[in-house]
Amino acid sequence: MPGRIGSFFRNLLRKRAIEQALNDELRSAVELLTQEKMKEGLSQPEARRQALIELGGVEQVKEEVRAIRSGIFLETFAQDLRYALRILRKSPGFTTVAVLTLALGIGATTAMFSVVNGVSLKPLPYPQPESLVEVGLDLPGINQFNWPLCPEDYFTFREQSRTFQDIGLYYMGFGASLYSANVTGLGRPEHVPALGVTDEVLPILGVTPLLGRSFTRTDDEPGSSDTVMITYGYWRSKFGGDRSVIGKAIDVDGKPTTIIGVLPQRFRFLDMTNLGMLLPLRPRLLRGYNYFSVARLKPGVTLAEASADVTRMIPIEVERVPERANFFKDTRIGPNLQLLKDYMIGDVVKVLWVVMGGVGLVLVIACANVANLLLVKIQGRQQELAIRAALGASPGRIGGGLVVESLVLAVIGGALGLLFAYGGLQALIALAPSDLPRLNDIGIDRLVLLFTLGVTMVAGLLFGSMLPLRYAGVREGTGLRETGRSVSASRERHRASNALVVIQVGLALVLLVSSALMIRTFQALIHVQPGFTAPAEVETFHVHFPPEMIKAPERLVRMDQAILDHIEAIPGVSSTDFSSAVPMDAGAESDPVLVKDHMLQGQLPPARRCFWVSPSFFRTMGIPTVAGRDLTWDDILNKRPVAIVSENLAREYWDNPSDALGKQIGNPKAWQQIVGVVGNVYDDGTSREAPATVYWPITDADVFLGQPAFAIRSARAGSQSFMNEVQQAVWSVDPDLPLSAVHTLDYYYRNSMARVSFTLVMLSLAGGMALLLGAIGLYGVIAYSVSQRTREIGIRMTLGGQRDDVLRLILGHGTKVALIGVAIGIAAALGLSRFLSGLLYGVKPTDPLTFLVVSVVLVLVSLLACYIPARRAMRVDPMVALKYE
Amino acid sequence: MSKPTGMARDVLISHSDKRGQMGKERTDLLRGTLDLLILKALGLEPLHGVGVSRRITQITAGAFRVSFGSLFPALHRMEEKGWVQAEWRASENNRRAKYYRLTSSGRAQLRAEEQDWSQVVKIMTAAVESA
């Protein structure tokens, strides 16, 4: 066999190997001639000169040989191609099935690869993206990681860094509550998605404005005149692309603000879509660890060097803020630097690669199926091949021709697959988890096309190379003499098809086990009570009051309360509240919380999940009260020093939830008394532990009064008519107040399982396809074997064999193949399922029950696939079978 | 052996320096002659390229000296067609050299070409003598 396919592969990879051999050959010829001439008495140099003359120039000879080689290659290739097309046209049924199978496999692989490519392989659309980093902080002392920066960090790093070319700070809000600006005076009042940036951010990203100028340090100084840059999209939609917009003033958050620049059309800030405007961040007015950063490293600086640099700068920062020295020491604050791209895409890539792997396995199964079809088909062409061999076609030539046929099939399948991928990509993106970053970068680009081409070629060669193996059974002459029922050849063919079916069954088992594990994970997650009840009946939305209103918190509370009153008047509303964040919307904060009777000297307490809530928050969310009472409006409006904690927090300190009542927590300067204990809420999703949580009165944090998240419990939640009424209720309080992030609580709950359900759906699709292809493959092999053994079966029955024996014979064959496949598949799945372990919940990657059930199902499906041809075999009429020849 | 025996014959089977014209100008008959000579030379034992050239000179009693510019392309073409198979071996002087060996289809080709050639000679002789 090596000589047979070898010829073809040599032709493909020919250039270098042939060149090398040719060089050697000619060098040895020169040596031989030189020796010959030295024997005739010439000196070595003269002999060599004569040898070269006689050879007639080494390079010319090489050229002639090359021309011959490539000429023959092209000529045979063209012949093979024509022949292949003719053969494929002659059996349209076979060609259709094979091409469709391949197109599905290649299409699915291509679509999935475009997602992986867009999300994780493509560089970010900024110059030298590899030197862009996100600077965050780890606080291992309070078990908090990857925090954003505070303004003092920014000032210190900006002034003292030796490794950053520059560092900038930006603010885009948290969780579902994205930063936005209220724009008035341009038609209807509008809530425009906005981004606060320091003046370095745009230069770091290499962005220059289309019109006007970028921010300077002056724009960032408090007290300077208010300026804004608008995005291309906003410019087109609001100003019709009017170039005289620069210098115009618009009202942003109630202040007249000058437009100083328009951003270019292709500008995109990280993953933010439909961003409307950029505002100066003014870091001197800011406080707290709320601001993300982007930095550009100096050329040649590594991430590790930059991290070391930040570590060096942290003590310098302590000099700037001596009052926080203890905090720095206790939290053991340190750097957490990531490449900007890694920071953006996070760990969702792991999920994508798992799905990619699953889809790739389907392609392998598809290839095995096509290979099997070809094997069957080639059996029918034994005569033709034998004639070609007898007429002088070399085995390599015939093998090469068959490989060309496979490649032609693969290329047609690949082209169709590309079309499928093109169509399926949108569906895939719609299915993708909502936290999938860089959706705009997903598409079919050059790398994807190259990938498809590569996959197509590999697929073609993969199943194509099975053919010469099969063809090895034909020797010159032998094929001609036999009547197409050569026993030895068909045994070989059977061995090859059985091996292919074993592979199919094995891979199908791997995929089915993976999807079954995901199903078990999903079931386990669904079984965990999230801590709230009937989330589909809770409608939530955010409003943003203009920032300067935060200076008047009493007025804000009154307005928030007025909105509640209006909403409660809507028919069908049973409870409503406002709070700093909605459970599971990733908007809640984490802060260290002290406990009066559990103070540890010189040690910070761990950070706790913190919500700031109004009364009825627990009733609206359906969070049960375990002990004590809910907050009251009296607590809220009179700022009583009270708090509510979650059950796990209470148990952690006082074992019994009711013992927590009356205990003091919070801040030693103003302790707050625990008045209630409520059930745990899985704020990080049900696959993670429920975080220990403290609920403070919302009046403790003015900032949240200005951007509250409202929640309404009503059976009408989620309907458009209901939302219209809610909108009217809000606008009757303040007609300038737009609603954002309108979602039911169920939306956040489902999102928390989005990765699991995406992987589940994709792997189940892959598993289903694998099962179908595997069953078809097995059916094909058994059916063909039955048709080949009709005569043998006839003889058996004539000699007294019973129908049951025949059935057992055929089913036995199928079962054997399926069982070997299952055994191999179990071994493979045990090895591969650990790639899933990060995604699994409540089930081990080696869960015996899953393996058992999947194996049984697979064997049953295999038996069914064998049963249909086996029944046909049982009905064989001995007389007909024997006569038929 | 060291001097060409006849200009005309040498030109007859010399290699062309102009690649573009290669093959086209040569008639099939002449190319067939070279192939036949090479197959014949290899018929006795496997030989390397230089050996084939020497063997042809020998069996044509010095009448034909095949240029290497024609010989090597021909050998490679025959290898592609599967008439000969190449392998690296030590030469008579213990040098590594690429030896060509006739395959069974090469032998069949040799027989076929020998028959063709006798056929041509018979016809041509008859034609020439009839005139």
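**Figure 1. Helix 3 of chain A in the predicted model, residues 44–55.** Helix 3 of chain A has 12 residues. After helix 3 of chain A comes G56(A), which has a positive phi, near 80 degrees.

**Figure 2. E46(A), a residue of helix 3 of chain A.**

**Figure 3. The packing of helix 27 against helix 29 in chain A.** Two packed helices are described by the angle between their axes and by the distance between those axes. Helix 27 covers residues 754–788 of chain A, and helix 29 covers residues 803–832. The angle between helix 27 and helix 29 of chain A is about 145 degrees, and their axes are 11 Å apart. The crossing of helix 27 of chain A with helix 29 of chain A is right-handed.

**Figure 4. Residues at the contact of helix 27 with helix 29 in chain A.** From helix 27 of chain A come L778(A), I782(A), S785(A) and V786(A). These meet I810(A), H813(A), G814(A), V817(A) and A818(A) of helix 29 of chain A. By type, the residues of this contact are six nonpolar, three polar and no charged.

**Figure 5. The side of chain A that touches chain B.** In chain A, 21 residues are in contact with 24 residues of chain B. Helix 2 (14–39) and helix 4 (58–90) of chain A are the elements that give two or more residues to this side. Which element gives the most? Helix 4 of chain A does, with nine residues. The residues on this side of chain A comprise nine nonpolar, seven polar and five charged.

Figure 6. Chain A contains 31 helices and 26 strands. Its radius of gyration is 36 Å, well over the 29 Å that the globule rule gives for 885 residues, so chain A is more spread out than a compact globule. The C-alpha trace of chain A spans about 105 × 85 × 60 Å along its principal axes. Of the 885 residues of chain A, 44% count as buried.

Notes: Residues are numbered from 1 along each chain as its sequence is written. Chains are lettered from A and ligands numbered from 1 in the order in which they are written. This is a predicted model: local features need pLDDT of at least 70, side-chain atom pairs count only at pLDDT 80 or more; totals for chains, interfaces and linings use all residues. Helices (H or I, at least four residues) and strands (E, at least two) are DSSP runs, numbered from the N terminus. The expected span of a helix is 1.5 Å times one less than its number of residues. Axes are lines fitted to C-alpha atoms, for helices over the stretch in contact, and angles run from 0 to 180 degrees between N-to-C directions. A crossing is left-handed if the near helix is turned anticlockwise from the far one by less than a right angle, and right-handed if clockwise. Two residues are in contact if their C-beta atoms, placed from the backbone, lie within 7 Å. Ala, Val, Leu, Ile, Met, Phe, Trp, Tyr, Cys and Pro count as nonpolar, Asp, Glu, Lys and Arg as charged, and the others, Gly among them, as polar. The radius of gyration is taken over C-alpha atoms; the globule rule is 2.2 Å times the number of residues to the power 0.38. A residue is buried if 20 or more other C-beta atoms lie within 10 Å of its own, exposed if 12 or fewer, and partly exposed in between; C-beta atoms are placed from the backbone.
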